[in-house]
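This briefing goes through selected features of one model, beginning with a sheet and the helices around it and ending with a surface patch. Please keep the structure in view while reading.

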Amino acid sequence: MSYCNIYYITADALGNTTIWNRCLRYVVLSENPLIGTYMALYSLSILQNIETVVVNKALRSCETISEFLRLGTKDKYFFENMSQKDSEKRFTIEDPVLKFISLSRDTHMLPSKTVYVLNGTVYIHVSESLASWDSQELMPEASFEQDITFKGANNLKYIDISDCGIHTFTGNIKGLSSLQTVILSGNNLNYLSESFLDEFLGLENVYASKCNIDKDFFALKSDRILQKTRSLKTLDLSKNYLNTLSPGTFLTNSEIINLRLSDNLFNDIPFKLTLTPSLVELDLSNNAITTLTSEITNLLDWLYSKNGQMKLKLNGNILSCGCRDLTFLHWLNQTLIQLDNNRNYTCMNKDGERTNTLAFSDLESLWRQCSGELFFYIALITLCIYVIGVVILFLVLKNKNFLVSYFLQLLGNFKLHIRSDYKTDVYIGYSDEDYRFPCIELREHLEHVLKLSTFIIDRDLLASIDKASGIVNAMNSCWRILLVCSERFLKSEDWSMFIMRTAVLSQSPANPTRIVIIVHNSCLSLIPTELLSAVNDENIIVVSEWKINYILSEKLRTRLFD
């Protein structure tokens, strides 16, 4: 009888209770503009063989009507008292259901032994055959603030009281242990007792969408509220602006299969997935999720492998597709989990621009953008460290005597030698074939201009002394060793190599700048490596001609004195 424009039911409509009790099993009165009180429909629930009652969206709380001429006093249980307001004759419902049935003066309006109040508890009898009651959008206002006990509801498995204006859920409800599905969506669960569901032991499906649940209360008590519903399989908490759940939520709900948390304010999955091993569908659309950690994605994949299927809805979240989310984006592309919206979600890139996740299907290019710069700088720094290390190593090897001398001075009573500690000022080493410049011009400049004493092997080495021993002794007794590195000196003579090696060996931390080299610019590449490594760059004097001039004189002055 849906959409039949039924406005009212006369008192004798259900007068022959024998027929109705025996024959009536299904009643559908949806979408009829009924006038009166919802308590008038209660009589349907006590018919002997009634199984299903559907009267959703079938009551208008205020309507202009004419008097019910056939309504007798004994039949008033179909309607509450009607009141007319002046000439408009408007009908109003004065009280919600619990208030109505708790008024002793009105209990005579219902059949005996169906509804009564005892010690503050409301007892409601229903037919033992009743399995389903659907009264969506039937009541304009009601509350469950009193304790209620149902009698005879052993087979009642389905109740839909969504959008009924129920605003208080603080009473204890008993007698519905067989109830499997309850739909509370659209009511006001702001006042909810943490023990409200304790007696619903067989409850499998709870729909509480758009119920104005107190998010702070639920964040503290969600685990306690669901503690006794151990058979729960479907839970709908969408559109409640929840931002978190209490730790331990679903600890006793291991059978849950379908969880709807869409249109809330969650920024991650607000419960431990290990507590819901049977979960196959999770709706997190339209929340505040930006990314999922590797731990979460691994657990989601674990649920898929365990149950053979897994659906995850993330559409409506503004995800992050920046450099820190490469692992998450890779998971979105590779996971076997069934994702909504073709795996394409709105996201913010690393520059703060809005884009979508499919734009990052080529993660290699994103990796280059994110990590390429980092690894470039790492490579550059490594190269710099390597170059600096090579330079430092070269300087250490080249200035080994200086460094040893410096640290020896720091650690002990070590002292550098001075010119007065030596018998001769300068040992001049040269090639026998190029004797003119070192033995004449250079020697005379050192002795007469710079006033330095010199040792020249052709002049000062005694004939009775072995040449090699004489060279070694002479170098050890000289303050400076001045090597004139002509082309012949560097190329041909064996004695030249002996002189250079002896000079290198005679240099010590006590006299680290002992060797001074004069070399023609055309012969720089001919200087042996072992000699270059032992001589400070400042002590290598490069000349363009073998001739004493002012520049050469000044360089000799600064390098041969203290």
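In what order do the 5 strands of the open sheet run, and is their pairing parallel or antiparallel? In this predicted model, the order is E25-E24-E26-E27-E28, and the strands pair in the parallel sense.

**The sheet**
- Strand E25 (454-456) and strand E28 (540-543) stand at the edges, and because each has a single partner strand, one side of each is left without a neighbour in the sheet.
- On average, and with direction ignored, neighbouring strands of this sheet are turned by 20° against each other.
- Strand E27, which spans residues 515-520, pairs with E28 over 4 bridges in the parallel sense, and isoleucine 517 has isoleucine 540 in E28 as its bridge partner.

**Helices on the sheet**
- Helix H12 (residues 494-506) packs on the sheet, where it touches strand E24 (424-429), strand E26 (478-485) and E27, and the direction of H12 makes about 145° with that of E26.
- Helix H14, formed by residues 550-560, lies across E24, E26, E27 and E28, and runs at about 170° to E28.

**A nonpolar surface patch**
- A nonpolar patch on the surface, with about 1,200 Å² of accessible area together, is formed by a set of residues that includes Phe376, Tyr377, Leu380, Val390, Val391 and Phe394.
- Valine 391, one of the residues of this patch, lies in helix H6, which covers residues 363-398.
- The relative accessible area of valine 391 is 40%, so this residue counts as partly exposed, a class that lies between the cut-offs of 20% and 50%.

Definitions and conventions
Residues numbered from 1 in each chain as written. Predicted model: local features only at pLDDT ≥ 70, side-chain atom pairs only at ≥ 80, totals over all residues. Heavy atoms only, no water. Patch = residues over 30% accessible without salt bridge, like charges linked within 9 Å, V, L, I, M, F, W, Y side chains within 5 Å. Areas by Shrake-Rupley, 256 points an atom, 1.4 Å probe, with all protein chains shown as cover. Salt bridge = Lys/Arg side-chain N within 4 Å of Asp/Glu carboxyl O. Helix = DSSP H or I, 4+ residues; strand = E, 2+ residues; numbered from the N terminus. Buried < 20%, exposed > 50% of the residue type's maximum accessible area, 1.4 Å probe, protein only. Pairing = 2+ DSSP bridges. Axes fitted to C-alpha atoms, helices over the stretch in contact; angles between N-to-C directions. Contact = heavy atoms within 4.5 Å.
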